Amino acid sequence: IASGILLPFHLNKDQPVHTSQAIFYNLAERWGLYNGLLIPLTFQAEEEKIYTGSMGLLSLGALASSIYLYPNISLTPGQASALGSGIQFGLATGGLALFLTLDAWDDSSNARSIIGGTLLLSSNLGLALAYSNRELFDIDRRRILWIDTGGLLGALGGLGIGFFITGDDIGSNTNKVFALTVFAGMIGGIYSGYVLSDTLDEYKHESELKEFSRNGYLIEPPSLSIFPIIADTQSSAQVAYGFDIIRGKW
């Protein structure tokens, strides 16, 4: 722990540390911890010291590598945060894939290896996918929070739909239904969080207004809106929620 705290301070002494830089360093440490746990699990290591040593070494190695690589990567805070979200949703997707195929491997002697390998692959694929699409995440960091929240709420909604479909039936296909509905809800929530939080990109909207001044029109995506209303003269002010389906400037 002390090394993880002191190493960034030592290597960045007398240098400015930007928000995206700090996020990237923290992401690297978490990535090292996850891989340090999952790699020994994939190879079915038995001794606890193997897991402890692997997690510590990979975490510190990843932190040192991130400090060295950051100047050449130059991510925005939104992009750096999106990499962390990629890992988390990758892990969730891997877990759902395991749940979907539970009947095929649950009683296998290689169950630990299957779990570790699947989560290792899916988390790193999520990271790679987020990085390869980093231009999409050149956005306000607050939007990443909404994307994460949307994914979580979507997954919970998918879980509710799964209960609605299966009811009291606890059959062999129940786990498949839940895995598919939760995955669909999670993806839908991620997309909704991305689209509906578009108005938070204030710095981008300034450039869009310049485009409007050149072209004379600007089409904007749908967004969630809150409208103050008064039901009657005796009532206090309330709010109503709705969507701006079509928005633009002409």
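Biologist: Why is T166 called buried in this model?

Modeller: In this predicted model, T166 has a relative accessible area of 13%, and since a residue counts as buried when that value is under 20%, T166 is therefore called buried.

Biologist: Where does T166 sit, and what does T166 touch?

Modeller: T166 has its place in helix 7, and, leaving aside residues up to four places away in sequence, T166 touches T174, V177 and F178.

Biologist: What makes the pairing of T166 with G162 a polar contact?

Modeller: A polar atom of the T166 side chain lies 2.9 Å from the backbone oxygen of G162, and the cut-off for such a pair of N or O atoms is within 3.5 Å, so the pair is counted as a polar contact.

Biologist: How do you know that the length of helix 7 agrees with what a helix should span?

Modeller: Helix 7 covers residues 141–166, which is 26 residues, and at 1.5 Å a residue these should span 38 Å; because the end C-alpha atoms are 38 Å apart, the two values agree.

Biologist: Which residues of helix 7 are buried, and what covers them?

Modeller: The buried residues of helix 7 include R143, I144, I147, several glycines such as G150 and G162, and also T166, and what covers the buried residues includes helix 4 (77–100) and helix 8 (174–196).

Biologist: Why are helix 7 and helix 8 called roughly antiparallel?

Modeller: Helix 7 and helix 8 pack at an angle of about 150°, with their axes 6 Å apart, and since angles over 145 degrees count as roughly antiparallel, the two helices are therefore described in that way. Helix 7 also passes helix 8 in a right-handed crossing.

Biologist: Turning to another helix, what makes G32 a buried residue?

Modeller: G32, which lies in helix 2 (residues 19–42), has a relative accessible area of 0%, and because the limit for buried is under 20%, G32 is counted as buried.

Biologist: Which residues does G32 touch, and how far is the C-alpha atom of G32 from that of L57?

Modeller: Not counting residues up to four places away in sequence, G32 touches M55, L58, S59 and A62, and the C-alpha atoms of G32 and L57 are separated by 7.9 Å, although these residues are 25 residues apart along the chain.

Note on methods. Residues numbered from 1 in each chain as written. Predicted model: local features only at pLDDT ≥ 70, side-chain atom pairs only at ≥ 80, totals over all residues. Heavy atoms only, no water. Helix = DSSP H or I, 4+ residues; strand = E, 2+ residues; numbered from the N terminus. Expected span 1.5 Å × (residues − 1). Buried < 20%, exposed > 50% of the residue type's maximum accessible area, 1.4 Å probe, protein only. Contact = heavy atoms within 4.5 Å. Axes fitted to C-alpha atoms, helices over the stretch in contact; angles between N-to-C directions. Parallel < 35°, antiparallel > 145°, perpendicular 65-115°, else oblique. Left-handed = near helix turned anticlockwise from the far one by under 90°. Polar contact = N/O pair within 3.5 Å; in protein donor to acceptor, adjacent residues only side chain to side chain.
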